[in-house]
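Biologist: Please take me through this structure step by step, and state each cut-off when its term comes up.

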Number of protein chains: 2
Amino acid sequence: MRPDPVDDATLALLLEVAGTPKPGNVDRHRDLDDLRFEAFLGGAVGAREGLELAADGETTIGRAFERGVAGMAARAGTNTQFGCLLLLVPLVRATVAGEGTDDGLAPAAVDRVTRGATVDDAVAFYGAFEHVDVAVGDPPAADADLDVRRGSDAAPALRERGATLRDVMALSADPPESAGSGDSDNVPDRNAQEWVEGFPRTFRAAEWIRSDEGPLADRAARAFLGLLAAEPDTLVAANHGPETAREVSERAAAILGGDRPISGGIDADAVHTADLDAAEELADAFVEEGINPGTTADLTCAALYVALRRGAEVAP
Amino acid sequence: MRPDPVDDATLALLLEVAGTPKPGNVDRHRDLDDLRFEAFLGGAVGAREGLELAADGETTIGRAFERGVAGMAARAGTNTQFGCLLLLVPLVRATVAGEGTDDGLAPAAVDRVTRGATVDDAVAFYGAFEHVDVAVGDPPAADADLDVRRGSDAAPALRERGATLRDVMALSADPPESAGSGDSDNVPDRNAQEWVEGFPRTFRAAEWIRSDEGPLADRAARAFLGLLAAEPDTLVAANHGPETAREVSERAAAILGGDRPISGGIDADAVHTADLDAAEELADAFVEEGINPGTTADLTCAALYVALRRGAEVAP
């Protein structure tokens with residue numbers, strides 16, 4: 001019998017935070033000043049009801065996400081894995097929709113789920129921001145009425161524009177001000193890009209994890225480095241600007257490939273041979289510098305979920 | 001709304017393994033050679049179905065326990081928290097039975113649950129041993145037909161004797177050979193004692209945790225030391241003999257009370273002022289010596305569950 005998708009999603013949340021070193025993030029060996037490992041355990045348990053709603057096929061995914069965030073925040077007392085849930089909810093829904101088909105959990109299946117999102121889903125998504133503080137950049141002036149920090153106050157604007165949750169994600173995935181300028185805080189939101197592009201980063205990193213060897217938490221740590229090296233992190237850009245975000249990715253890329261620094265791009269081999277000792281030093285440095293690549297952690301969690309669905313298992 | 005008992009039980013499993021240092025056990029900062037932290041995360045997720053059966057009020061507790069162990073072992077690929085589940089299942093059942101009453105989760109309520117256990121529960125309990133390897137001592141010769149390692153083969157003997165699960169626990173709680181001899185491997189099984197005595201260690205340590213301050217994982221680590229200091233650990237006795245188990249408890253007692261070593265016995269104050277730095281050294285020493293006080297970890301998990309039911313929360 002295939003494991004329950006909700007159990008796999010919960011385990012992905014737990015393995016994400018346990019994977020170490022995940023430079024700049026809370027992990028098995030590091031707390032941040034205002035965010036402890038145990039809060040993540042509570043948050044993962046508290047998110048359960050929302051994940052179950054995502055799996056039930058009747059509740060809208062926006063509502064499932066909002067319940068997940070509310071339960072997470074109630075247990076954790078803070079925001080632990082908001083972005084992880086934003087990716088897990090459509091993945092869980094696609095898993096259940098694909099059961100019994102040849103399709104299974106494929107990019108096309110997730111894309112159908114996000115294309116089915118409605119204006120009500122967008123309203124529920126905005127409502128989720130009322131449960132937690134999430135660091136985000138300013139929206140373009142033309143979209144100020146859709147600033148997520150407005151929470152439920154944005155509902156009339158969403159309904160007037162007829163903006164679905166996918167439409168909202170498309171705005172964040174390709175913010176007008178960032179196009180070509182290179183110096184705006186509005187770098188593309190990787191999670192939003194996943195939503196509108198069929199989760200390419202998630203499925204790619206899931207293959208890195210699945211084809212890797214050793215404990216799953218170590219594989220997750222290496223996949224995190226690969227994801228961070230591949231593209232600047234959204235949260236780092238929001239907090240420190242896009243230039244710092246690019247430098248952070250270069251520092252991650254430098255420890256892929258082990259003794260043979262990567263030259264031909266980031267592939268599974270480069271990820272599998274990442275130097276985790278060097279990553280430990282990077283982790284200490286990022287914590288010292290206040291660098292928190294949280295969006296890359298979200299992608300790692302989503303990749304863990306897909307890897308679990310495709311047969312990856314924890315090591316005894 | 002009060003949290004779901006199943007969620008609290010899951011969080012107790014996770015906080016138990018996260019609490020550090022828990023000398024001699026897998027914890028947030030230590031793996032054992034053949035047992036990894038991530039296996040515990042998998043085991044806690046896998047145990048969910050059994051815990052839900054414990055909460056549903058219809059399934060027998062023996063069957064709920066067996067399902068919990070089977071799910072844990074399937075996910076973890078090994079035995080991670082067998083003893084924790086043995087304590088959590090009746091606690092969860094008592095929680096649900098006590099809802100809406102003044103009684104709530106009290107020792108008397110748990111005692112009613114264990115007194116209601118049947119011969120079928122005993123048979124299911126023996127069946128659980130077929131899913132995992134559990135270190136146990138030899139039973140007295142007169143009870144060789146009830147050796148748990150016989151698994152389901154013991155069913156006819158259980159039925160012939162009319163032995164309920166509580167009867168089986170009573171045998172382990174007060175093994176004849178150990179009475180007064182002091183050198184048998186058959187020291188009392190603390191988990192079995194909880195079952196027949198109304199969970200006194202669990203409720204006592206729950207109060208230590210509830211009245212303590214700081215992150216819950218640290219409070220769990222201090223409660224672990226208090227429990228270990230109070231009584232020799234069953235698993236240590238089974239693996240290394242009762243004399244070593246007594247020495248291990250003395251070493252734990254020596255780090256309670258901080259700068260003022262305890263004299264008048266182990267109370268909440270002694271536990272709350274345990275020297276966790278000294279416990280780190282003890283943790284390294286126990287791992288080196290192959291000392292694994294696993295039964296004390298089980299009691300810590302049960303105490304965490306009761307503390308969560310009584311309002312303890314993870315720190316953000």
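Modeller: Buried means under 20% relative accessible area, exposed means over 50%, and partly exposed lies in between, with a 1.4 Å probe and protein chains only. This is a predicted model, in which local features need pLDDT of at least 70 and side-chain atom pairs count only at pLDDT 80 or more, whereas totals for chains, interfaces and linings use all residues. Residues are numbered from 1 along each chain as its sequence is written, chains are lettered from A and ligands numbered from 1 in the order in which they are written, and side-chain values use heavy atoms, with hydrogens and water left out.

Biologist: What is the relative accessible area of Arg201(B)?

Modeller: Arg201(B) forms a salt bridge with Glu197(B), the closest N and O atoms being 3.1 Å apart, where a salt bridge is a side-chain nitrogen of Lys or Arg within 4 Å of a carboxyl oxygen of Asp or Glu. Glu197(B) is partly exposed, because its relative accessible area is 41%. Arg201(B), by contrast, counts as buried, because its relative accessible area is 11%.

Biologist: How many residues apart in sequence are the parts that Arg166(A) and Asp111(A) tie together?

Modeller: The side chains of Arg166(A) and Asp111(A) meet in a salt bridge with an N to O distance of 3.1 Å. Arg166(A) belongs to helix H9 (residues 165-173) of chain A and Asp111(A) to helix H6 (residues 107-115) of chain A, so the parts that the pair ties together are apart in sequence by 55 residues.

Biologist: Is Arg48(B) buried or exposed?

Modeller: Arg48(B) and Glu52(B) meet through their side chains in a salt bridge, with N to O at 3.0 Å. The two are separated by about one helical turn, because they stand four residues apart in helix H3 of chain B, helices (H or I, at least four residues) and strands (E, at least two) being DSSP runs numbered from the N terminus. Glu52(B) is partly exposed, with a relative accessible area of 33%. Arg48(B) has a relative accessibility of 7%, so it counts as buried.

Biologist: What area is buried between chain B and chain A?

Modeller: Contact means heavy atoms within 4.5 Å, and here 36 residues from chain B and 36 residues from chain A take part. Buried area is the accessible area (1.4 Å probe) that two parts lose on being put together, summed over both. Carbon and sulfur atoms give 56% of this area, which is about 2800 Å².

Biologist: Which helix gives the most to the side of chain B that touches chain A?

Modeller: Across the interface of chain B and chain A there are 17 residue pairs in polar contact, both residues at pLDDT 80 or more; a polar contact is a pair of N or O atoms within 3.5 Å, of which, within protein, one must be able to donate a hydrogen and the other to accept it, and residues adjacent in sequence count only if both atoms are side-chain atoms. At least two residues each of the side of chain B that touches chain A come from helix H1 (5-18), helix H2 (37-46), helix H3 (48-56), helix H4 (61-76) and helix H12 (216-230) of chain B. With seven residues, the helix that gives the most to this side is H1(B).

Biologist: Which residue of chain A does Asp8(B) touch?

Modeller: Asp8(B) lies in helix H1 of chain B and counts as buried, because its relative accessibility is 1%. Not counting residues up to four places away in sequence, Asp8(B) touches Pro3(B), Tyr305(B), Leu308(B) and Arg309(B), and, from chain A, Arg75(A).

Biologist: How many salt bridges does the rule find across the interface of chain B and chain A?

Modeller: One pair to look at is Asp31(A) and Arg28(B), whose side chains meet in a salt bridge at 2.9 Å, N to O. Over all chains, a search of the whole structure finds 54 salt bridges. Across the interface of chain B and chain A, the number found is four.

Biologist: How far apart in space are Ala192(B) and Leu171(B), C-alpha to C-alpha?

Modeller: Ala192(B) lies in helix H10 (residues 190-197) of chain B, and it counts as buried, because its relative accessibility is 1%. Not counting residues up to four places away in sequence, it touches Met169(B), Ser172(B) and Ala173(B). Ala192(B) and Leu171(B) are 21 residues apart in sequence, and their C-alpha to C-alpha separation is 8.3 Å.
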